[in-house]
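Let's take a walk through this structure together, one piece at a time. Keep the picture open while you read.

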Amino acid sequence: MDGIHDMGGMDGFGPIPIEQNEPVFHAPWEGRVWALNTALGAWGKWNIDAGRYTLEQLDPALYLSSSYYQRWLYRTENMLVDHDMVSRSELETPPEERRVTAEREPLPLDEILVRQHKTRSARVHEDIPAAFQAGDRVRARNIHPTGHTRIPRYVRGRVGVIDRDHGVFIFPDTHAVFAGDKPQHLYSVRFTARELWGPDADPGDKIYVDMWDDYLEVP
Amino acid sequence: MPDHALHSHLSDTELRVRALESLLADKGLVDPTALDAIVDTYENKVGPRNGARVVARAWVDEDFRQWLLRDGTAAIDSLGYVSTQGADIVVLENTATVHNMTVCTLCSCYPWAVLGLPPAWYKSFAYRARAVKDPRGVLAEFGQVIPAELEVRVWDSTAEVRYMVLPQQPPGTEALSEDALADLVTRNAMIGTERLGQDRGRG
């Protein structure tokens with residue numbers, strides 16, 4: 001989707017907010033949101049691409065006005081509801097008025113870690129032919145999928161060169177909506193800064209973007 | 001203490017997180033002690049020190065350096081820094097003529113296994129938006145002056161491959177031990193917003 005999350009090349013966000021001696025979490029609740037995300041992910045009801053897609057579907061005004069871990073909080077709530085793990089009314093009922101009984105035993109830490117380890121790589125060990133090889137010129141297709149996608153707007157229609165073939169990986173556009181892994185080759189594609197940003201860009205600088213076969217065509 | 005007094009210092013977000021955690025615990029969906037352990041791991045055990053050890057090893061061991069650049073995932077796994085997410089790691093070598101810098105314009109992908117959780121600036125809209133279009137301007141905000149003849153390569157992590165920069169070893173440090181070398185390696189140098197041995201920059 002051509003959403004607010006696709007930020008590469010935008011202006012107007014001000015200077016980089018660099019902070020000295022930054023803590024890992026700025027408040028305890030951030031750590032709880034982080035850990036909830038990990039622990040809930042281990043139930044296997046969703047995957048990383050579905051999680052990103054849920055985040056991208058937050059209202060753009062909310063996305064921009066929320067902190068990183070606030071966005072994660074809203075995303076987690078939405079995924080829990082989407083996957084029937086909690087209901088919207090349970091989320092909205094004050095804790096002291098809630099009548100909830102345990103439906104299952106929570107996963108212990110070691111089980112969470114085992115399950116996390118199993119899904120840690122998106123690499124697929126299948127022998128699938130590659131459409132391109134290192135050195136090939138390619139064009140990022142001018143496509144505008146309305147669902148989840150990882151082809152940023154700023155490369156669409158632009159011509160680059162395959163820098164390397166990373167191997168076969170799960171395709172996020174289908175994986176995000178539980179429509180299959182659709183495994184295919186993933187490449188790092190090298191663009192000149194001038195191809196992407198025009199004649200005012202530095203003549204030597206390069207931008208590398210990871211893209212799957214389905215995002216690319218022969219120019 | 002009345003409830004409103006107990007909660008008067010808590011933000012709406014904090015209350016919302018507490019309510020969610022208690023709901024999930026009541027339903028048997030999470031074990032709060034498991035959450036404690038997950039927080040502790042990322043606050044205290046996983047962090048840029050891991051990546052600094054990888055870099056220091058590469059500086060003292062040429063075979064390891066070549067392995068790291070050829071197959072970052074296996075070389076890093078061999079040191080015991082196994083990722084929970086985005087397990088496939090590609091290491092990018094800075095040289096006298098090339099400076100590498102990493103970003104995730106679409107979200108905030110980051111090599112957790114070697115660097116821990118990303119700093120807020122890495123997740124900021126400003127960095128995500130500008131790193132690919134004006135990398136030299138961004139680097140200048142970090143106090144880094146990149147000579148015109150140096151090629152800047154920006155790597156946008158749009159997939160499940162994670163990137164880590166292998167900084168150049170600062171001159172005059174050849175006699176240092178591996179541990180002492182690891183102390184020289186900053187998180188920002190491994191993201192690519194600092195060149196070691198230059199002005200240390202900020203953040």
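## Chain A at a glance

In this predicted model, take the contacts in chain A between residues at least 6 apart in sequence: 68% of them join residues at least 24 apart. The C-alpha trace of chain A spans about 60 × 45 × 35 Å along its principal axes, and 36% of the chain's 219 residues are buried.

What is chain A built from? You'll find 8 helices and 5 strands. Starting at the N terminus, the elements follow the pattern α-α-α-α-α-α-β-β-α-β-α-β-β.

## Two domains in chain A

Chain A splits into domain 1, covering residues 28-118, and domain 2, covering residues 137-217. Their centres, taken over C-alpha atoms, are 30 Å apart.

How many residues of domain 1 of chain A are in contact with domain 2 of chain A? There are 6, and they meet 5 residues of domain 2. On the domain 1 side of that contact, you get 2 nonpolar, 1 polar and 3 charged residues.

## Now for chain B

Chain B has 12 helices and 4 strands. Its C-alpha trace spans about 65 × 35 × 30 Å along the principal axes. Of the 203 residues in chain B, 51% are buried. Looking at contacts in chain B with a separation of 6 or more, 70% are between residues 24 or more positions apart.

This chain is divided too: domain 1 of chain B runs over 10-44, and domain 2 over 47-191.

## Where the chains meet

The contact between the chains uses 69 residues from chain A and 64 residues from chain B. Which elements of chain A give two or more residues to it? They are α1, α2 (48-56), α4 (68-82), α6, β2 (159-169) and β4 of chain A. The largest share on the chain A side, 10 residues, belongs to α1(A). Sorted by class, that side of chain A has 39 nonpolar, 12 polar and 18 charged residues.

Let's zoom in on α3(B), the helix at residues 32-45 of chain B. It has 14 residues and reaches 19 Å from its first C-alpha to its last, close to the 20 Å expected at 1.5 Å a residue. Three of its residues to look for are B:Ala34, B:Leu35 and B:Ile38, which are buried. Why do they end up on the same side of α3(B)? Because they cover an arc of only 105° around the axis.

What do the buried residues of α3(B) pack against? Their partners are in chain A: α1 (28-41) and α6 (109-118). Turn to the face of α3(B) pointing away from the buried side, and you'll see the exposed residues B:Thr33, B:Asp40, B:Asn44 and B:Lys45.

## A sheet shared by both chains

Here is a sheet that draws on both chains: 7 strands form an open sheet with mixed pairing, in the order β5(A)-β1(A)-β2(A)-β3(A)-β4(A)-β3(B)-β2(B). At its edges stand β5 (216-217) of chain A and β2 of chain B, each with a single partner strand, so one side of each has no neighbour in the sheet.

Within chain A, strand β1 (residues 137-140) runs antiparallel to β2(A), and 3 bridges join them.

Look for A:Tyr208, which stands opposite B:Trp155 in β3(B). On to the pairing inside chain B: strand β2 (residues 98-103) and β3(B) also pair in the parallel sense, over 6 bridges. There, B:Val103 has B:Asp156 in β3(B) as its bridge partner.

Is β3(B) mostly covered or mostly open? Strand β3 of chain B (residues 151-156) is mostly covered, with 5 of its 6 residues buried.

Conventions:
Residues are numbered from 1 along each chain as its sequence is written. Chains are lettered from A and ligands numbered from 1 in the order in which they are written. This is a predicted model: local features need pLDDT of at least 70, side-chain atom pairs count only at pLDDT 80 or more; totals for chains, interfaces and linings use all residues. The expected span of a helix is 1.5 Å times one less than its number of residues. A residue is buried if 20 or more other C-beta atoms lie within 10 Å of its own, exposed if 12 or fewer, and partly exposed in between; C-beta atoms are placed from the backbone. The arc is that of the directions from the helix axis to the C-beta atoms. Two residues are in contact if their C-beta atoms, placed from the backbone, lie within 7 Å. Domain bounds come from an automatic or database domain assignment. Two strands pair if DSSP finds at least two bridges between them. Ala, Val, Leu, Ile, Met, Phe, Trp, Tyr, Cys and Pro count as nonpolar, Asp, Glu, Lys and Arg as charged, and the others, Gly among them, as polar.
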